[in-house]
Amino acid sequence: MAWLTELLGGFVPALIVIAMIVVTLTCLHWWLLARRKELGNEARLPRQLILAGVTLVGLLVLILALPISDTLRGQVLSFLGVLLTGVIGLSSTTFVANAMAGVMLRVVGQFRPGDFIRLQDQFGRVTERGLFHVEIQTEDRDLTTFPNLLLITHPLTVVHRAGTLVSAQVSLGYDIHRADVEAALSEAAEQVGLKDPFVQVVSLQDFSVLYRLAGSLEEVKHLLTVRSNLRKAMMDALHGRGFEIASPTLMLQRQLQPDAAIIPNTRHLLDDSGAALPDADAPEAKVFDKADDAEALEQARQRLTSLDAAADNPERAALEQQIADLEARLKAPTEAPDQAANPPG
């Protein structure tokens with residue numbers, strides 16, 4: 001019995017270490033995650049990484065506390081090192097690569113939910129950033145998912161949240177003076193609210209000149225609407241000054257009177273009383289509904305984190321209800337565009 005007592009006594013330090021690891025991980029899990037259920041995937045990611053790191057450290061301490069020979073302990077540590085090295089070495093073709101890419105994107109902080117991004121031929125607003133993937137809502141209101149590894153291995157364009165340039169191109173004949181074109185296009189940019197507009201001559205083509213109009217847009221949420229309105233304003237400004245938006249080669253394909261101009265009639269812009277018709281509703285509310293909810297959810301979580309933890313705080317209760325509603329909407333199946341724009345009730 002003495003040898004059994006001696007053997008069990010050798011495992012006492014290891015048992016104590018196991019108990020300490022379990023208690024530490026349980027408390028840390030409650031402190032970082034369990035008590036903060038309102039946190040989203042973005043905020044939970046670094047906390048989960050801390051838990052994983054602490055678990056790895058606890059495993060190393062346990063190996064050092066086991067009553068085994070130094071030779072066997074070294075072999076176990078070597079095996080653990082080889083195992084971790086193998087996982088990292090194979091990460092280029094496994095989900096570990098996407099996890100590492102997710103950590104990298106999180107550290108760099110190049111974009112966040114609600115931002116416009118372009119990757120290859122896909123353009124839309126970010127709705128979710130996870131450990132393994134990024135989801136965007138495209139201009140067609142569809143949801144597209146990219147693995148994180150794709151985002152760090154291909155050029156990624158992020159529309160600056162503080163403002164971006166909006167541009168459009170148009171080709172006009174050589175018979176129109178460049179100064180007149182610049183004046184008309186600058187007027188169009190000012191009509192849609194672009195700051196510091198400028199006009200560039202992009203190309204001198206065989207039968208026409210290609211112009212580019214650009215200006216600064218501060219409110220990027222309305223990017224799609226401003227792009228469309230800019231082209232509308234360009235047509236109105238050029239037609240209003242009597243400039244044809246057509247290549248002169250068009251004259252070789254049909255017969256025109258010498259005084260004929262290719263300018264549409266403006267009567268469709270007026271109602272029966274002669275007043276101007278209102279523009280169509282902005283498409284962003286229907287196209288990027290999930291992206292708007294994701295952005296609002298992140299802002300609400302940030303606001304909730306900065307508030308006092310008092311249970312009777314009315315603003316805190318309102319934010320918690322808003323977060324719950326937004327989470328339910330994001331988890332629900334995507335509705336049709338008309339239903340999303342006009343919810344029942």
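Visitor: Which residue forms a salt bridge with Arg-161, and how far apart are the closest N and O atoms?

Guide: A salt bridge is a side-chain nitrogen of Lys or Arg within 4 Å of a carboxyl oxygen of Asp or Glu. Here Glu-295 forms one with Arg-161, and the closest N and O atoms are 2.9 Å apart. Glu-295 lies in helix 10 and Arg-161 in the loop between strand 5 and strand 6 (164–172), so the pair ties together parts that are 134 residues apart in sequence. Helices (H or I, at least four residues) and strands (E, at least two) are DSSP runs, numbered from the N terminus.

Visitor: What kind of model is this, and what rules apply to its features?

Guide: This is a predicted model, where local features need pLDDT of at least 70 and side-chain atom pairs count only at pLDDT 80 or more, while totals for chains, interfaces and linings use all residues. Residues are numbered from 1 along each chain as its sequence is written, and side-chain values use heavy atoms, with hydrogens and water left out.

Visitor: What is the average pLDDT, and where does pLDDT stay under 50?

Guide: pLDDT is the predictor's confidence in each residue, from 0 to 100. The protein averages 80, and 80% of the residues score at least 70. Residues 336–345 stay under 50. For that stretch the model has eight contacts beyond four places in sequence. Contact means heavy atoms within 4.5 Å. Where pLDDT is low, the predicted coordinates should not be read in detail.

Visitor: How many helices and strands are there, and what share of contacts joins residues at least 24 apart?

Guide: The protein has twelve helices and eight strands. Take the contacts between residues at least 6 apart in sequence: 61% of them join residues at least 24 apart.

Visitor: Back to Glu-295. Which other salt bridge does Glu-295 form?

Guide: Glu-295 also pairs with Arg-125, again with 2.9 Å between the closest N and O atoms. Glu-295 lies in helix 10 (residues 289–306) and Arg-125 in strand 2, so this pair ties together parts that are 170 residues apart in sequence.

Visitor: Are Glu-295 and Arg-125 buried or exposed?

Guide: Buried means under 20% relative accessible area, exposed over 50%, and partly exposed in between (1.4 Å probe, protein chains only). Glu-295 counts as buried because its relative accessibility is 6%. Arg-125 is buried too, at 1%. Arg-161 is partly exposed, with 28%.

Visitor: Which residues are linked in a network of salt bridges?

Guide: The network links Asp-115, Arg-125, Arg-161, Lys-221, Asp-292 and Glu-295. The structure holds nine salt bridges. One of them joins the side chains of Glu-327 and Arg-301 (2.7 Å, N to O). This pair links distant parts of the chain: Glu-327 is in helix 11 (residues 314–331) and Arg-301 in helix 10, 26 residues apart. Arg-301 counts as buried, at 17% relative accessibility.

Visitor: Now the strands. How does strand 1 pair with strand 2 and strand 5?

Guide: Two strands pair if DSSP finds at least two bridges between them. Strand 1 (residues 116–119) pairs with strand 2 (residues 122–129) in the antiparallel sense over four bridges. Strand 1 also pairs antiparallel with strand 5 (residues 156–158), over three bridges. Arg-118 stands opposite Phe-123 in strand 2 and opposite Thr-157 in strand 5.

Visitor: Which residue in the turn between strand 1 and strand 2 has a positive phi?

Guide: Gln-120, with a phi of about 55 degrees. The two strands form a hairpin with two residues between them. Strand 3 and strand 4 form a hairpin with four residues between them, and there Arg-141 has a positive phi of about 70 degrees. Strand 3 (residues 133–138) and strand 4 run antiparallel, joined by five bridges. Gln-137 stands opposite Leu-143 in strand 4.

Visitor: Which residues of strand 4 lie on the covered face?

Guide: Thr-144 and Phe-146. Leu-143, Thr-145 and Pro-147 make the uncovered face of strand 4 (residues 143–147).

Visitor: Which residues make the nonpolar surface patch?

Guide: Patches are made of residues with over 30% relative accessible area and no salt bridge; like charges are joined within 9 Å, nonpolar side chains (Val, Leu, Ile, Met, Phe, Trp, Tyr) within 5 Å. Here Leu-56, Leu-59, Leu-60, Leu-64, Leu-77 and Leu-84 make a patch of about 450 Å². Accessible areas come from the Shrake-Rupley method with a 1.4 Å probe; for residues, only the protein chains shown count as cover. Helix 3 (41–65) and helix 4 (70–89) each supply at least two residues. The largest share, four residues, comes from helix 3.
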